[in-house]
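This briefing is intended for use beside the sequence and the three-dimensional structure. Please keep both in view while reading.

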Amino acid sequence: MILQQMPPGQGRRLLSLFLAGDRAGVEALVAEELKTGTVCFHWSIVQGMHITGTKTPFDCLTHLSQSKLEGILQHIRGDVLLTEGEDDHLFPVRHMYRIMDELVCAHSVTARMFTAREGAEHHCQVGNTGLAREEIVRWLSRFHPQTAEQRSAVSTG
């Protein structure tokens with residue numbers, strides 16, 4: 001996801017430095033890119049360090065490189081809701097379809113693609129997060145009907 005936010009060639013350069021274990025090179029390249037790069041790159045680094053609990057970009061990349069879905073998805077047996085924005089800057093649409101294909105033992109898989117027409121095409125449906133929340137509640141109410149009843153009581157009362 002971080003590599004996608006870099007200019008052509010820079011992502012490969014960062015990956016090469018990282019795979020070589022060149023901490024100083026990774027830190028220097030990221031620092032350079034933070035000065036001149038996009039807001040999306042900056043957010044990816046800052047958010048990545050936040051969610052991984054790491055203090056440096058190199059440590060963040062190390063942590064993220066150890067987090068994979070390979071070998072896990074086929075063991076999920078519950079009901080799954082996947083959401084995606086059609087113009088997500090972090091995860092391409094094909095990522096959602098790949099996950100759907102690998103959820104072979106899930107009880108059910110529901111996928112919801114949010115569109116620009118709905119104003120929810122970005123990562124985490126930024127621009128129309130209310131629509132995403134409504135979709136999640138609607139999905140949950142299929143399994144917990146009292147959720148829908150409680151929501152109706154709150155909105156009418």
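The structure is a predicted model, in which local features need pLDDT of at least 70, side-chain atom pairs count only at pLDDT 80 or more, and totals for chains, interfaces and linings use all residues. Residues are numbered from 1 along each chain as its sequence is written, and side-chain values use heavy atoms, with hydrogens and water left out.

**Cysteines**

- A disulfide is a covalent bond between the sulfur atoms of two cysteines.
- With a disulfide taken as a pair of cysteine sulfur atoms within 2.5 Å, a search of the whole structure finds zero of them.
- Cys60 is in no disulfide, and the nearest cysteine sulfur, that of Cys40, is 16 Å away.
- Cys60 counts as buried because its relative accessibility is 1%; buried means under 20% relative accessible area, exposed over 50%, and partly exposed in between (1.4 Å probe, protein chains only).
- Cys105 is partly exposed, since its relative accessible area is 34%.

**Backbone angles**

- Most residues other than glycine have a negative phi.
- Cys124 has a positive phi, near 60°, and is not a glycine; Cys124 lies in the loop between β2 (108-114) and α6.
- Helices (H or I, at least four residues) and strands (E, at least two) are DSSP runs, numbered from the N terminus.
- Gln125, also in the loop between β2 and α6, has a positive phi of about 60° although it is not a glycine.
- Gln125 counts as buried because its relative accessibility is 5%.

- Leu3, Leu15 and Leu19 make a nonpolar surface patch of about 270 Å².
- Patches are made of residues with over 30% relative accessible area and no salt bridge, with like charges joined within 9 Å and nonpolar side chains (Val, Leu, Ile, Met, Phe, Trp, Tyr) within 5 Å; a salt bridge is a side-chain nitrogen of Lys or Arg within 4 Å of a carboxyl oxygen of Asp or Glu.
- Leu3 is placed in the segment before α1 (10-19) and counts as partly exposed because its relative accessibility is 33%.
- Thr38, in the loop between α2 (23-36) and α3 (39-52), is partly exposed, with a relative accessible area of 44%.
- The C-alpha atoms of Thr38 and Pro7 are separated by 9.2 Å, although these residues are 31 residues apart along the chain.

**Helix α6**

- Helix α6 (residues 129-143) has 15 residues and reaches 22 Å from its first C-alpha to its last.
- That reach is close to the 21 Å expected at 1.5 Å a residue, the expected span being 1.5 Å times one less than the number of residues.
- Ala132, Glu135, Trp139 and Ser141 are buried in α6.

Methods
Areas by Shrake-Rupley, 256 points an atom, 1.4 Å probe, with all protein chains shown as cover.
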